[in-house]
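Here is a walk through one chain, from its overall build down to single residues. Keep the structure open as you read.

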Amino acid sequence: MAYAFARFNTGGAFLRLGVLASQMLPPIILVLPLFTLFFSTGLMQTHMGLILSHLTISLPFLSWMLVSFFEGDSANLEEAARIDGATRWQAFIKIAVPVAAPGILAAGLLGFILSWNEFLFALVLSGASSQTLPIGLASMETHAGVEIAPLAAATVVSLLPIFALLPFLRKYLIKGLSLGALK
């Protein structure tokens with residue numbers, strides 16, 4: 001979506017504004033239509049339903065973030081590759097993607113964090129077989145109240161994947177976020 005917005009002005013300013021406006025809606029507004037749609041299509045309480053709901057939340061934000069990476073200097077490099085005989089697809093794969101790689105990695109990491117921490121859609125759309133970690137943490141309350149020690153331990157364990165990824169992707173995240181802000 002970001003590449004199409006940057007190179008071809010797909011949908012014009014109206015579609016770009018629509019993508020941005022979708023991020024201004026509170027997520028609670030989207031839950032009921034998604035519930036109805038997923039219930040009628042059999043996607044309730046499935047992993048595919050959760051994946052689609054997370055894409056609904058994250059994709060507009062991440063696309064908007066990536067537009068500036070594809071609007072940069074890679075357009076001239078792609079044009080030079082096209083003159084040298086590359087197809088549009090080859091120019092995209094060999095020029096645009098490597099140039100935008102820091103932004104793509106930053107967007108991927110932010111998308112992972114957004115999905116990892118998402119609570120509302122997982123609460124409404126998941127079941128016992130497709131329960132996510134935030135829902136599991138919230139369900140640790142018992143009839144006697146919240147047991148703090150197991151909840152704290154589970155919370156620390158739930159943060160480990162994010163903390164394990166950050167040192168490897170830190171330089172790309174900083175470069176990706178700063179490049180996106182400057183363009």
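Among contacts between residues at least 6 apart in sequence, 70% join residues at least 24 apart. Bear in mind that this is a predicted model. The secondary structure consists of 10 helices and 2 strands. Their order along the sequence is α-α-α-α-α-α-α-α-α-β-β-α.

Now the overall dimensions. The C-alpha atoms fill a box of roughly 70 × 40 × 25 Å along the principal axes. The radius of gyration is 20 Å, whereas a compact globule of 183 residues would have one near 16 Å. Buried residues account for 29% of the 183 residues. The accessible surface is about 11,200 Å², and 72% of that surface belongs to carbon and sulfur atoms. As for charge, the chain has 9 positive and 8 negative charges. Their mean positions lie 11 Å apart.

Does its length agree with its residue count, or disagree? At 1.5 Å a residue, the 15 residues of H3 should span 21 Å, and the end C-alpha atoms are 21 Å apart, so the two values agree. Val31, Leu34 and Phe38 are the buried residues of H3. An α-helix has 3.6 residues a turn, so residues three or four places apart point the same way. The buried residues of H3 pack against H4 and against helix H8 (120-125). After H3 comes Gly42, with a positive phi near 80°.

Gln45 is not a glycine, yet its phi is positive, near 60°. Gln45 has a relative accessible area of 47%, so it counts as partly exposed.

Asn9 has a positive phi too, of about 55°, and is likewise not a glycine. Where does Asn9 sit? Its place is the loop between helix H1 (2-8) and helix H2 (12-22). Asn9 is partly exposed because its relative accessibility is 47%, which falls between the 20% and 50% cut-offs.

Last, go to H4, where His54 lies. Is His54 buried or exposed? The relative accessible area of His54 is 13%, so His54 is buried, the cut-off being under 20%. Which residues does His54 touch, leaving aside its neighbours within four places in sequence? His54 is in contact with Ser115 and Glu118.

Terms used. Residues numbered from 1 in each chain as written. Predicted model: local features only at pLDDT ≥ 70, side-chain atom pairs only at ≥ 80, totals over all residues. Heavy atoms only, no water. Helix = DSSP H or I, 4+ residues; strand = E, 2+ residues; numbered from the N terminus. Buried < 20%, exposed > 50% of the residue type's maximum accessible area, 1.4 Å probe, protein only. Contact = heavy atoms within 4.5 Å. Expected span 1.5 Å × (residues − 1). Rg over C-alpha atoms; globule rule 2.2 N^0.38 Å. Areas by Shrake-Rupley, 256 points an atom, 1.4 Å probe, with all protein chains shown as cover. Lys, Arg positive; Asp, Glu negative; His and termini not counted. Charge placed at Lys NZ, Arg CZ, Asp CG, Glu CD.
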